[in-house]
Amino acid sequence: MGEIEFASNSLQEAYGFGSETEVGLSNMVNAFIAIDDHKKAKDYLVVFFQKFPTSPKAHAASIRLKPETMSVQEIESAIPEDLRENYEVLLSLGLKAKRLKDFNLSIKYLKTALESGSELPLVKEHLLACILEKYAVNFRVANLRLIDEETESELNEALLLTDELLSKYDKTELNSVTTQLYMNKSVVLNLLGHFDESLKEVNKALAIEPSNPKVLKQKGLIYVFEGDTEEAVQVLEEITNFSETPDVPSLLSEVYSKRGEFDKAIKILEEYLSSDLDQYFRNQSLGFLLELFIKTKQFEKVDELSKKEFKSNQIFDFVSRAHIARFQKSDIIASEILIDAISHVTDRTTARERFLLAEQLVKSNCLNLAIELFESIDDKTLYSPITIRLARLYYTVGRKGECLKLLQGLREKRGVHDYASSLEVSIYQEYGDYERAKLLAEEYLQSFSASISMKIRLAGVNLRLGFTDLVDTFLREDIEVDELMSDEFHSYLAQLMARNHREKLFKICYDYRRNHNDGEGHILFTQILLQFPLNEFECNPPTKVDVDTVVSFKGERGQSFTLVIEDRPKEELKENEIDTTDERFEIIKGKSVGEKISLPNSNVTWEIDSIANKLLHAFHESQKKCETLYVKDAPFKSFHVDDLPDFLNQIEKEGAGWQENFDLAKQQYRDRKAPLGTIAEMFGRNPIDIWNQFIHIENVGIQSSLGNNDELKLAIDAIEEKNGFCSDVVGLLTLFELDLGNVIAEFFGKVKIVSSTYDLIFDYIEENKIFSTRAQTTDKSRLELFFEFVRENCEVLPPQLAIDMNSNEKERLDELIGRSFFDTALLAKETNTTLLSDDLAFRGLIYQEYGVEGVWTQSILRYLIDNKKIDRGFYNEKVLKLTNMRYIHTAIDDNVLMLAAEKANFKYEFVFSSCLRFLTGKISSQNSSLLVAFGFLYRLWLHPEAQIKDKHNLTICTITTLCTDRVIQDIIEGLNYLTTLRGANDRSRSIDDWVYRRIKQEVKDWKKIYKITG
């Protein structure tokens, strides 16, 4: 009800009751207030108080005349205490609070007025109007749809009030009031997301007042939110006078823009801006006009606007200036403008301004500043577009721990959400927390059962967790692969490959090649058939024409053509394809090579030239097309890091070939300047592959320790102080090759490993699987046995520290030393366990950077034998294995060397030579080598099973090895000294004197062989 109408009615009521009555005076005061004649209103109020000093109506009227400078609390304190609960006083206090934009206080007074027993529609109308105005001006609710429980409750209360008022007014002649109520209800329903019901109510309002601009605007807004721009335009274009709806031009312009009608969008704004506008709506229209000029690349118009407008320090102008700078390719200036704008953000900065500024900060890649602004207006307990945006920004800037915390909190409070929960699953997968990923994916599918994307993710998780039956069940389902995203498609193929669903894999890849006649399609199909070779039957050409064959024909004059027989609907057929209902198929079905046929609509007699298997024919075609798609050199993966600069600079030297680079990398590893994981990262190789290569290279091996006593003592202390081990993949490979799983588990518990190490092994096995032509996997490979070893003896954990650190920084470190290695270090630190790694350079780096203490496998064996957990024979066997795998610097003694000789049947074979090599000058100290060698030679010559000639050969080899990389004379003197010293000490055992004499003679013989004098 309008103010003038209210005044008129009040005056009529006043004359009806008499101007000297309490009701009459009240109405007279309120009437003059309504028509803004405060002087007369005050005059009547004086009379009112004189006649009725304790009247609630008089005090209620006086509240309306209080100056704007007085707070509601001050006004209330001046009211007699016994009148403060009177509904008329409460109503006036509520209206006063509403005028001061204190909507919560206003709602409180109005609700109290209703609770005091007042059932007047007027109180309900004001309460309804207050609730609506509260949220109409609330950018967070009206635009961002941040609707929490309290807001939802008040909006539902507004719906009840609307229905109550409609029930009173619906059958009266108050059409304008009824129209407003229907529109109010539509607004509330729209805010709550009930679009269909909202549209129904606004149509009721239009049935009463078809040309009401506010109602038309509301209907247009409903269509805008639903994305129906066609209907939105039709409705909004009916509004011709914008005086009551000053934001419609911007709204209509936005709709035109979404429809690509930029000329219309610009025209309506330019015309509107030429009129006298409120500054708020003028700024809004200018901002969108600027955006349109930029979108349509109208450089002169943008320049003209920039010279005339956007000069103040208001946030809106900062945003516009930054937008212009970025359009003019001045990105740095745009960022500087926005950073300056941040300094102008205060407590009075509106949510709308913060949002607009945050949007521009995102576009200028100032993401962390944008996050701060979004956080200041968001409610992280709600699923809303801005909350989802915030989660994505956390993820983008590497704050994945915060992203995960936000998503977890949302799900626990609000349940599963389509996008948010999908992102949460992705993060769990990314950090290797497959158990949580599985649980959440299953929960997700209970709500979104049709999500093929999540089913593929769940199958991938189940595959890694070993739930192969669940994977097979999913893979037997038929899905529309054409609807999959690229990463989902390739993930699905990987699952089919891993579970050996050969027939389905062929069909999908054949169809993909058929529908994507490009390089990717041909390469994919070729790779699949190379990995899953066709069996003997499939490779032999079919003898008869049938479905899934390719038939080539030749004519009498050399003409030729080919038909592919497909079992698929006719509408899906491509060029040169026919289905089984085709007349030509009926003619050629069952025919053989050499048979002649006549085809419909052809006068030529055709001869069947060849019949091929469809898959094999496609493979040969794809091979030909792939010849130009491969490059000669494998890509070299390079990156820049602060550490290891010399190494990287040499590796990235311009003009160096792949082999030259790899040789340099091996040298750096051998010199302990680069961890094995770094080498693997740089060359795009799996660390298992690098390990396997290095243990077979004579001068490289695995650099596992320094080989000194100080290092061993520190390792023993670490084993005693910590609780178990956390191993990298090199440590795991060592434990597996030495078959130490049960031993470690018995004395230290299961070895902890990170999920990325598990993935490393899983992926390497999948990449190296060999499939037979009968679609059966071969016997278990060494790798598969290794995988079983890991599953039985390890506890797989995701490192929480990895989630908590900035993911961009983590990715940098992952690229430096390898993700699985860095994750292992984090888990060791997190669980207070000892890092187990036979990569010396890695252990040293992690200890220096993160203080994580590490050990290697032989140090664990030494701890076990020193504490009488294993016997000497067991220890010797394992140490010998380490030497055979070229683990540098494995400490050996004469017992290990004798074991190697016995296993070699006293011949100079690998098992012995690889162990003996550890006595060379580059690997061991001179004194320790002399003692080990002399002890071995003494036992060798006493050994009853060795032949004299073999003893002589091994002695010569041992002396030669001792002299390698050393001063020969020092070694000769050392052996002679030990022979003399031991011989003197063992005089009581004269029976062995011949051994010392023999060793001396062997030294002389060696000198003669190599012509050593002196």
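**Surface.** I note here that the model is a predicted one.

**Burial.** I then looked up how many of the 1014 residues count as buried, and the share is 50%.

**Charges.** I counted 125 positive and 165 negative charges in the protein chain. Their mean positions lie 5 Å apart.

**Helices, strands and overall form.** The protein chain has 55 helices and 12 strands. Is the chain more spread out than a compact globule, or less? Its radius of gyration is 43 Å, while the globule rule gives 31 Å for 1014 residues; the value is well over the rule, so the chain is more spread out than a compact globule. I also took the spans of the C-alpha trace along its principal axes, which are about 145 × 95 × 55 Å.

**Strand β5 and its partners.** Next I went to β5, which covers residues 605-613. Which strand pairs with β5 over 6 bridges? I found that β1, residues 549-554, does so, in the antiparallel sense. Within this pairing, S552 has S610 of β5 as its bridge partner.

β5 also pairs with β4, residues 596-598, again in the antiparallel sense. This second pairing has 3 bridges. Here I found S598 standing opposite T605 of β5. I then followed the chain through the hairpin of β4 and β5, where 6 residues lie between the strands. In this hairpin, N601 takes a positive phi near 60°.

Last, I picked L404, which lies in helix α24, residues 400-414. Is L404 buried or exposed? Its relative accessible area is 4%, and buried means under 20%, so L404 counts as buried.

What does L404 touch, leaving out residues up to four places away in sequence? I listed E424, I427, Y428 and I803. I also checked L404 against A391, which is 13 residues away along the chain. The C-alpha atoms of L404 and A391 are separated by 8.1 Å.

**Recap.** My entry on β5 gives two antiparallel pairings, with β1 over 6 bridges and with β4 over 3 bridges. My entry on L404 gives a buried residue in helix α24.

Note on methods:
Residues numbered from 1 in each chain as written. Predicted model: local features only at pLDDT ≥ 70, side-chain atom pairs only at ≥ 80, totals over all residues. Heavy atoms only, no water. Pairing = 2+ DSSP bridges. Helix = DSSP H or I, 4+ residues; strand = E, 2+ residues; numbered from the N terminus. Rg over C-alpha atoms; globule rule 2.2 N^0.38 Å. Buried < 20%, exposed > 50% of the residue type's maximum accessible area, 1.4 Å probe, protein only. Lys, Arg positive; Asp, Glu negative; His and termini not counted. Charge placed at Lys NZ, Arg CZ, Asp CG, Glu CD. Contact = heavy atoms within 4.5 Å.
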